[in-house]
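Here is a guided walk through one protein chain. Keep the sequence and the 3D view side by side as you read.

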Amino acid sequence: MLPQHMKKAITDNPKKLANLIDLINLPSTLREFVGQSQISRLGCFMRVWSYIKTNNLQDPKNKNLVNCDEKLRSILLGKHQVELAELPSLIKLHFPKEPK
């Protein structure tokens, strides 16, 4: 399910895996979208991806683009169209950084 470069990054650095699967208290906008108060970053990404597929939001001419509806725009900085490669970084913005 994960792209090959992400799998390699996770196996090379196990702490990255922990950052993906740790449960985080969600901000209100993301909480409303996901329907949970806590979720992992990976779980959140999977929910967003499932929402995109269920609602046929991928651009039919270019499958690398997602046409955002109002609900999806609320968590993706109000963008009307997003590239698939941008999704993880836009979702990551909702998750606080861990102190080092």
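In which loop does Leu77 lie? Leu77 is found in the loop between helix H5 (70–73) and strand S4 (81–83). Its phi is near 60 degrees, a positive value in a residue other than glycine. Leu77 is exposed, because its relative accessibility is 58%. Bear in mind that this is a predicted model.

Now step back to the whole chain. The protein chain holds 6 helices and 4 strands. From the N terminus on, the elements run α-α-β-α-β-α-β-α-β-α. The chain has 100 residues, and buried residues make up 30% of them. Take the contacts with a separation of 6 or more. Residues 24 or more positions apart account for 28% of those contacts.

Next, the interior. In soluble globular proteins, nonpolar side chains tend to be buried together. Here the largest nonpolar core has 19 residues. Phe33, Cys44, Val48, Ile52, Leu72, Ile75 and Leu76 touch the most other members. H4 supplies the largest share, 4 residues.

Look at Leu76 within this core. Setting aside residues up to four places away in sequence, Leu76 touches Cys68, Val82, Leu87 and Leu90. Cys68 counts as buried because its relative accessibility is 7%. Cys44, one of the core residues with the most contacts to other members, is buried too, at 0% relative accessibility. What does a search for disulfides find in the whole structure? The search finds 0 disulfides.

Move on to the loop between H4 (41–54) and strand S3 (65–67). Phi of Asn56 is near 50 degrees, a positive value in a residue other than glycine. Asn56 is exposed, because its relative accessible area is 67%.

Gln58 lies in the loop between H4 and S3 as well. Is Gln58 buried or exposed? Gln58 is buried, because its relative accessible area is 14%. The side chain of Gln58 makes a polar contact of 3.2 Å with the side chain of Lys53. The Gln58 side chain also reaches the backbone oxygen of Lys63, at 2.7 Å. Leave out residues up to four places away in sequence, and Gln58 touches Trp49, Ile52, Lys53, Lys63, Leu65, Val66, Asn67 and Leu84. Among these, Ile52 is also a member of the largest nonpolar core.

Asp59 is found in the loop between H4 and S3 too. Asp59 is buried yet has no salt bridge. How far away is the nearest side chain of opposite charge? That side chain belongs to Lys61, and it is 6.3 Å away. Asp59 does have a polar partner. Its side chain and that of Gln81 are joined by a polar contact of 3.3 Å. Beyond residues up to four places away in sequence, Asp59 touches Leu65, Asn67 and Gln81.

A search of the whole structure finds 2 salt bridges. One joins the side chains of Arg73 and Glu70, at 3.0 Å from N to O. Arg73 and Glu70 are separated by about one helical turn, because they are 3 residues apart in helix H5. How do the two partners sit? Arg73 is buried, with a relative accessible area of 19%. Glu70 is exposed, with a relative accessible area of 59%.

Lys79 forms a salt bridge with Glu86. Their closest N and O atoms are 2.8 Å apart. Lys79 is partly exposed, with a relative accessible area of 30%. Glu86 is partly exposed as well, with a relative accessible area of 25%.

Technical notes. Residues numbered from 1 in each chain as written. Predicted model: local features only at pLDDT ≥ 70, side-chain atom pairs only at ≥ 80, totals over all residues. Heavy atoms only, no water. Helix = DSSP H or I, 4+ residues; strand = E, 2+ residues; numbered from the N terminus. Buried < 20%, exposed > 50% of the residue type's maximum accessible area, 1.4 Å probe, protein only. Lys, Arg positive; Asp, Glu negative; His and termini not counted. Salt bridge = Lys/Arg side-chain N within 4 Å of Asp/Glu carboxyl O. Polar contact = N/O pair within 3.5 Å; in protein donor to acceptor, adjacent residues only side chain to side chain. Contact = heavy atoms within 4.5 Å. Disulfide = S-S within 2.5 Å. Core = buried A, V, L, I, M, F, W, Y, C linked by side-chain atoms within 4.5 Å.
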